[in-house]
Amino acid sequence: MNKEKISNHQLYSLTACATCGSSLLVVASPVTELCGRDGWIASIVSSLFGVVFILLYYALGQLFPNKNLIQIIRTVFGKWLGGIISIYFIIFCIHSGIQITAYIGQFITTEYLITSPVYSINLLILIIMAGALLYGLETTVRSSEILLKVVIFIMAFLFLANISNIKVHYIQPVLENGFYPIFKGSLYITSYRIWPLIFLNMIYPIHTDNSSSALKAMLKGYFLGSLIMFLVMLMSILVLGTHVTSVFVYPTYFLAKQISFGFLSRVEGLIVGAWLITLFFKGFCYFYAGIQSISTFMRLKDCRKIVYPILFVVLIYSNIVYPSSAYLAFWDKYVWISYSFTAGFLLPAFIVIVYFIQKALQKTSRPELAQDSA
Amino acid sequence: MSTIAIALIVAFVVILSIIEVPKMLKRCLYKELVLYSVFLLIGAVTGILVTLDVKIPNPSDSLALLLSPLVTVVKFILG
């Protein structure tokens with residue numbers, strides 16, 4: 001694996017795109033189902049709560065400079081237990097990548113190309129993904145710098161053009177059901193926005209300059225992504241109301257359909273473009289983390305030879321992994337929260353705890369050796 | 001329809017191998033060759049079974065089974 005270096009600004013734009021991710025289109029609906037009108041409060045709460053997890057991932061990189069996540073796992077847990085945990089992480093990355101491809105295919109066959117087979121759209125996306133993976137991390141992250149500006153411009157246009165459609169009484173009364181539904185909503189949002197950011201630990205210590213400005217870059221990107229998501233949530237509730245937001249599968253798409261200023265109408269294609277960009281970068285991060293994990297775990301010399309076979313398997317499985325919408329609704333709400341909780345919170349927390357226990361045990365055993373030799 | 005799909009899958013596997021395998025053997029990358037053939041075999045077999053309408057086990061089901069205690073906790077929290 002050649003050492004590629006990415007700058008702090010590129011880390012910032014990659015984190016911003018990866019935090020938005022799939023939330024741009026689909027998250028507003030289940031959150032409104034869970035907590036009613038107060039979805040925007042849940043977004044704020046989970047953004048503040050998520051800073052703790054970003055600091056945890058940063059601390060993990062600081063404790064082990066110049067090491068991949070898989071190398072960290074092997075150092076702390078040894079060969080056999082570390083092997084099992086590494087395989088779990090690899091399955092997490094590749095399976096989430098398969099789900100992202102399935103999301104793109106399902107959306108485009110639902111709204112635009114209704115009679116096309118899903119495999120044709122997944123094939124197109126995976127060809128682009130293969131190109132990005134073969135070019136490497138540096139090139140793709142440079143393109144994320146440019147495309148982030150495009151995403152910001154499109155989302156700003158969406159919010160500003162919808163200001164005339166706001167009906168403030170949709171958001172009143174605030175905090176009608178108390179704080180427990182907000183906690184439920186923020187748990188759901190955290191599992192989509194923050195816990196998957198564990199894949200940044202495959203990029204962060206080993207490919208960037210190791211300093212506190214990397215932490216600032218990650219936090220800036222995270223806050224920018226959270227701000228965009230908060231505004232999406234707020235505008236969905238203000239313009240559409242709770243019932244419509246909770247019923248539609250793609251509420252932001254319907255929000256974009258409300259824009260009509262004379263000649264400016266039918267601009268929902270812009271939102272699809274912004275969503276595809278952020279989803280592409282999130283999927284690229286998942287696949288990059290998965291392929292780097294496999295090549296670190298098996299100690300391969302060239303990680304680019306396995307890109308084509310893995311993406312071939314992803315293409316075949318992309319139509320199997322979500323057999324129906326009811327399965328998607330159940331899996332995304334209940335199983336995904338537990339899944340990203342184990343990979344995004346339990347895994348780094350265990351690594352840090354076991355590392356400190358090992359250090360404490362080493363300190364207590366060394367004074368005994370000194371007394372024995374004296 | 002299924003014969004076209006099977007022919008496409010086989011053609012992809014053959015063309016990719018003709019291009020990639022000599023390059024890997026020349027640089028003596030044997031571990032990569034093993035992983036490459038394992039994944040390509042999984043993909044080709046699963047692809048042919050999908051075109052013949054055989055039901056493939058879903059990896060999401062096995063993950064839901066593995067995480068079932070946590071899923072009950074989440075169901076209790078989310079109501």
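Me: What makes up the largest share of the lining of the second largest cavity?

Reply: In this predicted model, the largest share of that lining, three residues, comes from α11(A). Residues are numbered from 1 along each chain as written, and chains are lettered from A in the order written. Local features need pLDDT of at least 70 and side-chain atom pairs 80 or more, while totals for linings use all residues, and side-chain values use heavy atoms, without hydrogens or water.

Me: Why is this space called a cavity, and which residues line the second largest cavity?

Reply: It is called a cavity because a 1.4 Å probe fits at its points, on a 1 Å grid over the protein atoms alone, but cannot get out; lining residues have an atom within 4 Å of a point. Ser23(A), Val27(A), Ala28(A), Ile189(A), Arg193(A), Met229(A), Val232(A) and Met233(A) line the second largest cavity, and the elements giving two or more residues are α9 (180–193) and α11 (212–240) of chain A. Its volume is about 50 Å³, whereas about 110 Å³ lies in the largest cavity.

Me: Why is Thr252(A) called buried?

Reply: Buried means under 20% relative accessible area, with a 1.4 Å probe and protein chains only, and Thr252(A), at 0%, therefore counts as buried.

Me: Which residues is Thr252(A) in contact with, beyond its neighbours within four places in sequence?

Reply: With those neighbours left aside, Thr252(A) is in contact (heavy atoms within 4.5 Å) with Leu24(A), Leu25(A), Leu158(A), Val232(A) and Ile271(A). Val232(A) also lines the second largest cavity.

Note on methods
Buried < 20%, exposed > 50% of the residue type's maximum accessible area, 1.4 Å probe, protein only. 1 Å grid on protein atoms, 1.4 Å probe; cavity = no way out; pocket = protein on both sides within 12 Å on 5 of 7 lines; lining within 4 Å. Points joined across faces, edges and corners; volume = space filled by probe spheres on them. Helix = DSSP H or I, 4+ residues; strand = E, 2+ residues; numbered from the N terminus.
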